[in-house]
Amino acid sequence: MKPNFCYQVPVVVGSGISGATIAMMDSSVVVYDKGRSYGGRVSGKFGTEPFVYDFGATMFRDLMEVHWLGQETKYSLSEIWKTKSIEIQTKGIYDRDHFYPIKGMSDLVLTMLGKVKPFQGHTLNKLESSELETWNLEFHNSATKEIETVCSHSVVLTLPIPQILEIIDRSDKNSKLQRWANFLEPFNDYRKTLVSYFYWDSWKPNWKTFHLDPNSLIPITTSLHRGSDWEYQSWESLKYPNEFQEGSALLVQFGAIFSETHFENWMDSEKKPNPEYKEYLIQGLKEKFGAPEPNLIWTHRWKYAQAQMPLLGREGPLLLDSETFEEWKQLCKQTGITILGDWFFGAKIERIVGGIYFLSHNNLL
Ligand SMILES: Cc1cc2nc3c(=O)[nH]c(=O)nc-3n(C[C@H](O)[C@H](O)[C@H](O)COP(=O)(O)OP(=O)(O)OC[C@H]3O[C@@H](n4cnc5c(N)ncnc54)[C@H](O)[C@@H]3O)c2cc1C
């Protein structure tokens, strides 16, 4: 691997919320991502009617807490953004602590990236350490179909663990990478999530019947039926009312067992549901909401939707006084590779943003 270019700054791989938070803390970094667009699992379709919705994360909690060296620190994302002179216009949703940006969830990522413009369409294939204590990163550029290799003394990976382990597998044998692979193995557990978006150009349900109240001070626009097939329902047309004068739009995230069972055959290459699922979805909408056949059904598959066993826990405060956290810190220092993401903080935006802010602020990154 011969690098085309060597950076004097850290190279971050992944332009999701983790990569964007790192860029917010240090705007000198460079960011690479394999996707066509930034955002990762904080993605949405915005600005092209009738595609106005979030199909990954749909809201965030503003508050989080960290326990470290016997101290308890509380953070608010809106305060963090203020300290970084970042303006994100949000609206309350669901309860007093939850919000979403009025320009769509992916606006969080865009705004936090600031002047850092990620190199999209670049898939990291391999890593290689060089004699000069630097790392070579080999990317495939999907636009030119060419291989581009860059080097840096510091690499930050924010991809889901299965994708990182694949990269390590493809790379030449290396003791530092092997140490990371061994460390990450216990956290290599992600749930799959199937998603469907339904759009009606001239039908709306009777919100009250479904215990939704779009007109209350904090609009209730979602319902969660944990463990059921149609697990999470978010009426995206209530979140973005200006875009939906006449009709309505619903996003459904399906439960873990349903998603696991139907993952392979869920959709075709145009993101339309396969015929047997189309019938199932139309029938489900009729039974659950008395809805007519939608004018549009769009589907998506999240293969690595959420990390199941995060190092710092799934809920509650981030607990940093642990041996595993110390081990993670040592690995980052000794290898020149930092690995972050929802496998570390837990699959919640506030934990990732607040967590990276805390680590960076306390020189732990
Ligand atoms: C359906 C769904 C609903 C959710 N709902 C919520 C919610 O309402 N609230 C909430 O707080 N959280 C929610 N979450 C969780 C939250 O979205 C995630 O925890 C968070 O977005 C993870 O961000 P990340 O940056 O760590 O990872 P990602 O967003 O996965 O970013 C990783 C990036 O790496 C890129 N990448 C992958 N492989 C390569 C490679 N080889 N080379 C280069 N780039 C690569 C990807 O393209 C991606 O952009 C939800 C998640 C899902 C899937």
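How many of the nine residues of α1 are buried? Eight of them are, so to speak, under cover, and the helix is mostly covered.

Before we go on, some ground rules. What you see is a predicted model, where local features need pLDDT of at least 70 and side-chain atom pairs count only at pLDDT 80 or more, while totals for chains, interfaces and linings use all residues. Residues are numbered from 1 along each chain as its sequence is written. Helices (H or I, at least four residues) and strands (E, at least two) are DSSP runs, numbered from the N terminus. A residue counts as buried if 20 or more other C-beta atoms lie within 10 Å of its own, exposed if 12 or fewer, and partly exposed in between, with C-beta atoms placed from the backbone.

Take Ala23: leaving out residues up to four places away in sequence, Ala23 touches Val12, Val29, Val31, Met112, Leu113, Gly114 and Val116. Touching, or contact, means that the C-beta atoms, placed from the backbone, lie within 7 Å.

Ala23 also turns up in the largest nonpolar core, which has 90 residues. Such a core is a set of buried Ala, Val, Leu, Ile, Met, Phe, Trp, Tyr and Cys residues joined through C-beta atoms within 7 Å. Among the residues with the most contacts inside it are Ile17, Ala23 and Leu137. Both domain 1 and domain 2 give this core at least three residues each.

**Two domains**

The chain is divided into domain 1 (5-44 + 106-188 + 312-361) and domain 2 (190-306), with bounds from an automatic or database domain assignment. Their C-alpha centres lie 31 Å apart. Five residues from domain 1 and four residues from domain 2 make the contact.

**Around the ligand**

There are 37 residues around the ligand, and Gly14, Gly16, Ser18, Gly40 and Ala57 come nearest; to be in this shell, a C-beta atom, placed from the backbone, must lie within 6 Å of the ligand. The shell holds 16 nonpolar, 16 polar and five charged residues. Here Ala, Val, Leu, Ile, Met, Phe, Trp, Tyr, Cys and Pro count as nonpolar, Asp, Glu, Lys and Arg as charged, and the others, Gly among them, as polar. Our helix α1 (17-25) is one of the elements that supply at least two residues of the shell.

**Strands and sheets**

Two strands pair if DSSP finds at least two bridges between them. Here are some pairs:

| Strands | Sense | Bridges |
|---|---|---|
| β6 (60-61) and β10 (95-101) | antiparallel | two |
| β9 (90-93) and β10 | antiparallel | four |
| β12 (135-141) and β13 (146-152) | antiparallel | seven |
| β7 (63-68) and β20 | parallel | two |

In β10, His98 is the bridge partner of Arg61, and Tyr100 is the bridge partner of Lys91. β9 and β10 form a hairpin with one residue between them, and Tyr94 in the turn has a positive phi of about 75 degrees. Leu137, which we met in the core, stands opposite Val150 in β13.

Four strands make an open sheet with mixed pairing, in the order β1-β13-β12-β11. A three-strand open sheet, also mixed, runs β8-β7-β20.

Technical notes. Contact = placed C-beta atoms within 7 Å.
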